[in-house]
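Have a look at the model first, then go through the notes below.

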Amino acid sequence: MDTSLLNSQTVELLSQITGQKLTQKNLTPPVIFLANLVTVLLGVIFVDGTVAESEKQRLLTTLYRFSIPESDVRKLTHLMIKGVKENQVYKQVNNLLALAAPLSESEKLLLISFGYEMSAADSEIDTREKKYMEIVAKHLGIKPQHLVVLEAGFTHQANVEPIALDEVHFLLNPARFQQLDTIFVKAASDMLAALPTKSEHKTTKPHRNLSYGELKKFQEYRKQLDNSCYQLFQIIQDCTNRGFLPHTLIEEVEEISQKVKSQQFRLAVLGEFSQGKSTLLNALLGEEIQPVREIPCSGMVTVLKYGTQKRVVCRYKDGREEEIPFEQYQLKATISEDAALGCLSDELAHNEIDEIVFEHPDLELCSSGVEIVDSPGLNEHPERTAITQKLLKDTDAVIFLTNALRPLTQVECDLLQDVRTQLNHGNKNEPANNLFIVGNFIDLVRSEKGREQVQQRIERIVQGQKPIVAGENRVHFISAQAALDAILQGTEDDYLKAFQNFTQSLEKFLTFDSGTVKIKHSISQINRVIKKGLDGLYKSNATLDGKIQISEAEKQEILEKIGEASGRDVRIHLLADQLIELVFEQITESWDEWREGLGDRIAQKSQYWNSEHNPALSQDKLIRDYTNQFIRDLSAEIDEWGNTKLKEIILQENIKYLDTSIAYELDAIQGEFNRLDQNIQTNFSKQLKISIDSINDDFMGMGGIGSGIGIGGVLAAGLMIFTGLGFIAVIVASLAATIAGSFGFGMLDFDGLKDQIKGKVCELGFKNFDDKESRDKLSEKLDEIVGSVFNSRVESASRVIAEAIALYENLLEQQEKAHNETLEQREAEKIWIYQKRQELEQVQDGLEIILSKCTIV
């Protein structure tokens with residue numbers, strides 16, 4: 001719909017019809033379509049000069065499909081019926097054409113379809129009504145052959161011209177009506193269901209399976225790595241059982257092995273409601289798994305992954321889990337139709353389900369090592385920020401889906417910016433390398449020029465002067481439905497080729513970009529353990545040779561240093577506890593100071609809140625728009641406090657102090673052990689340094705323990721959870737329902753009414769924000785953030801200290817053992833150690849082979 005075609009005559013006409021003083025900004029697409037629909041339907045009813053009671057009921061039944069009881073739209077509908085009837089607009093061609101001027105070809109066809117539907121309610125179409133609709137259709141530019149299809153559909157005639165039928169199905173495709181409202185999408189879908197179905201080209205070809213060969217290769221490398229971990233574990237365990245290596249190495253190998261075993265590619269699919277996300281997933285999987293319909297469908301996060309058997313696990317927000325029958329999966333994963341057509345945000349906010357995990361043994365993509373996360377539509381979701389953070393956690397790649405008929409709306413662009421920032425861990429300026437933009441429904445853009453314009457718009461936004469994405473082949477144009485049809489029917493066409501080009505680009509990124517990084521990191525960790533093992537066995541061999549001799553005085557010194565190291569570990573824990581207590585005192589003081597001026601800041605920002613909805617005609621939607629903007633501004637305020645006060649001052653200063661203290665304690669331990677190394681000819685301080693370096697690798701971006709560069713990785717991850725606090729949307733999600741009905745209908749002072757609504761939104765929003773439930777959620781979230789930031793540092797330091805202690809305890813045990821063994825026993829053990837060193841080197845060589853294979857593009 002092109003609202004720019006509205007003129008002052010149309011605005012004046014609609015003001016006259018509704019009895020309201022309207023402006024052009026009040027005439028939204030749904031209002032314009034509804035005015036046209038009322039006009040055409042009344043024309044059908046009155047054309048024969050008499051109006052039966054059954055016709056009145058049919059009129060209301062049809063119009064009530066576009067509103068819910070007691071809503072502003074329902075009231076507006078009655079005003080329009082009254083106004084159109086009194087002014088006999090349906091008889092005035094010029095006025096009818098003025099009303100219909102903004103309508104697209106599809107919208108005009110849908111409009112006249114309702115006329116045929118009502119006229120044929122008793123399976124026959126009155127000749128006078130038919131003539132009226134033909135006249136209207138002619139003025140609207142609707143093809144006569146399309147009217148024949150409509151008449152055949154509603155009078156149950158079988159024979160229609162195939163080309164005309166295909167054209168009608170194309171024009172009434174529900175995806176074309178998303179600009180209007182969800183309820184019009186549903187109406188188009190219902191209309192198509194009443195018409196003759198398109199003839200399908202039957203095929204006997206087998207189901208076409210998409211191949212993910214490169215991903216399967218990567219899974220082979222992962223299995224080889226897993227096997228290397230198992231071999232390493234067996235060697236280390238043997239050495240530990242014989243007393244030649246400390247037990248901490250076993251724990252280290254087990255941790256690495258667990259990470260390798262669980263290593264999957266995580267692929268998230270994002271976008272607004274009704275963009276075809278579920279259909280895209282079905283095409284990727286090659287099977288109709290996800291529920292699909294034209295109106296909003298997916299209501300929660302759904303995780304699709306490989307499992308040895310088909311099963312569905314429902315996880316609730318209160319921590320409960322239950323396995324549900326497969327037959328209930330689509331029911332659980334789908335929002336109700338009433339919510340989809342009405343107050344969608346309320347049902348989403350109060351849904352008790354956190355996520356649904358669907359495991360399946362036969363899905364090609366999942367069995368190739370990809371875990372797919374399907375998001376609910378995020379444009380109306382009250383927890384949009386929290387949902388995107390959850391989806392993007394540990395995500396390897398993101399598919400962002402947009403509708404090619406209206407590509408990258410402002411809401412989508414805002415969401416894309418948020419996604420890009422989160423993928424880059426808070427960096428708002430760098431483009432994201434792991435973000436794929438996919439324009440769906442490209443089959444509905446028939447002209448080559450139209451497709452070029454769609455492509456140019458998307459590429460200009462995402463790859464322009466301030467690019468959102470980086471890397472090759474990150475933008476694709478597909479028809480998910482056409483591709484899925486080709487896959488299921490075993491055929492091949494241009495849409496399937498375009499889809500395969502997209503999947504190949506995605507597969508290449510996952511394997512050669514993300515996958516190679518995963519393999520290299522795992523190999524680095526395994527090699528680190530191997531080096532420790534080789535050094536430990538070298539030391540054990542030296543002990544057996546008598547090259548390491550520990551006197552009774554040196555033994556006592558070692559025991560003293562072990563005790564001192566344990567004491568330093570205790571000091572680190574006590575310091576962390578003290579700092580956490582101090583942090584919460586500082587947080588309380590800072591939060592109270594920030595909260596004092598919050599009301600004034602939000603009130604000032606509310607002056608810039610805007611909505612396309614009329615406070616008298618669409619009050620419920622206006623309230624929802626203002627509520628969402630209240631959530632947005634409140635979340636932004638909290639983000640600002642979190643990043644400036646909490647992160648850059650409170651946490652950063654205290655973490656820096658903790659880092660410095662940990663570095664001091666570890667340096668002291670390493671210094672003491674270095675002196676011991678010189679006295680007894682060991683190299684344990686070097687092994688200790690390897691472990692400290694591994695902490696620095698784990699906290700990349702922090703600069704390592706004691707660097708003083710910043711909080712870095714762990715704190716950044718914690719604050720990504722914190723962003724918007726996640727609970728803000730839940731607190732105010734019901735505001736729209738609370739405020740609705742607080743204002744009278746029909747007020748002419750629209751600006752004054754808007755200010756009153758803004759004030760009420762702020763009043764009730766802050767009331768909910770400051771209540772006990774909100775304070776408890778705030779405290780819970782801050783406990784989570786502060787605890788994760790401090791505990792991760794303390795636990796890493798404790799691991800290093802425990803390893804250092806274990807090294808020297810193992811040395812003392814070996815000295816005692818060697819002292820009690822015969823020469824023959826020591827020689828036999830030296831041979832055994834040599835064999836184990838060779839086995840470790842063989843594992844090391846195998847890792848080099850895996851690395852060389854996976855890095856070949």
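Searching the whole structure turns up 35 salt bridges, a salt bridge being a side-chain nitrogen of Lys or Arg within 4 Å of a carboxyl oxygen of Asp or Glu. Keep in mind that this is a predicted model, where local features need pLDDT of at least 70 and side-chain atom pairs count only at pLDDT 80 or more, while totals for chains, interfaces and linings use all residues. Side-chain values use heavy atoms, with hydrogens and water left out, and residues are numbered from 1 along each chain as its sequence is written.

- Side chains of opposite charge can pair when their charged atoms come close.
- Helices here are DSSP runs of H or I with at least four residues, strands are runs of E with at least two, and both are numbered from the N terminus.
- Both Lys-532 and Glu-252 are buried; buried means under 20% relative accessible area, exposed means over 50%, and partly exposed is in between (1.4 Å probe, protein chains only).
- Lys-817 and Glu-829 also meet through their side chains, at 3.1 Å from N to O. Lys-817 belongs to helix α31 (residues 772-820) and Glu-829 to helix α32 (residues 823-854), so the link ties together parts twelve residues apart in sequence.
- In that pair, Lys-817 is partly exposed at 30% relative accessibility, whereas Glu-829 is buried at 9%.
- Glu-827 and Lys-830 form a salt bridge too, at 3.4 Å from N to O. Both lie in α32, three residues apart, or about one turn of the helix.
- Glu-827 is partly exposed, with a relative accessible area of 37%, and Lys-830 counts as buried at 17%.
- Salt bridges with shared partners also join Lys-561, Glu-564, Glu-672 and Arg-675 into one network.

**The sheet**

- Nine strands make an open sheet with mixed pairing, in the order β4-β3-β5-β2-β6-β1-β7-β8-β9. Two strands pair if DSSP finds at least two bridges between them.
- At the edges are β4 (321-324) and β9 (475-477), each pairing on one side only.
- From one strand to the next, the twist averages 20 degrees. Axes are lines fitted to C-alpha atoms, for helices over the stretch in contact, and angles run from 0 to 180 degrees between N-to-C directions.
- Helix α20 (residues 448-463) packs on the sheet and touches β7, β8 (435-440) and β9, its direction making about 160 degrees with that of β9. Contact means heavy atoms within 4.5 Å.
- β1 (residues 265-271) runs parallel to β7 (residues 397-403), with five bridges between them. Gly-271 has Leu-401 in β7 as its bridge partner.
- β2 (residues 301-306) is parallel to β5 (residues 353-360), and six bridges join them. Val-301 stands opposite Glu-355 in β5.
- With β6 (residues 370-374), β2 pairs in the antiparallel sense over three bridges. Val-303 has Val-373 in β6 as its bridge partner.

**A largely enclosed helix**

- In helix α8 (residues 144-154), eight of the eleven residues are buried, so this helix is largely enclosed by the rest of the structure.
- Those buried residues are His-146, Leu-147, Val-149, Leu-150, Glu-151, Ala-152, Gly-153 and Phe-154.

**Cysteines**

- The search of the whole structure finds zero disulfides, a disulfide being a pair of cysteine sulfur atoms within 2.5 Å.
- Cys-314 is buried, at 0% relative accessible area, and Cys-762 is buried as well, at 11%.

**Confidence**

- The chain averages a pLDDT of 80, and 83% of the residues score at least 70; pLDDT is the predictor's confidence in each residue, from 0 to 100.
- Residues 292-298 have pLDDT below 50, and the model gives this stretch 39 contacts beyond near neighbours in sequence.
- Residues 744-749 stay under 50 too, with 14 contacts beyond four places in sequence.
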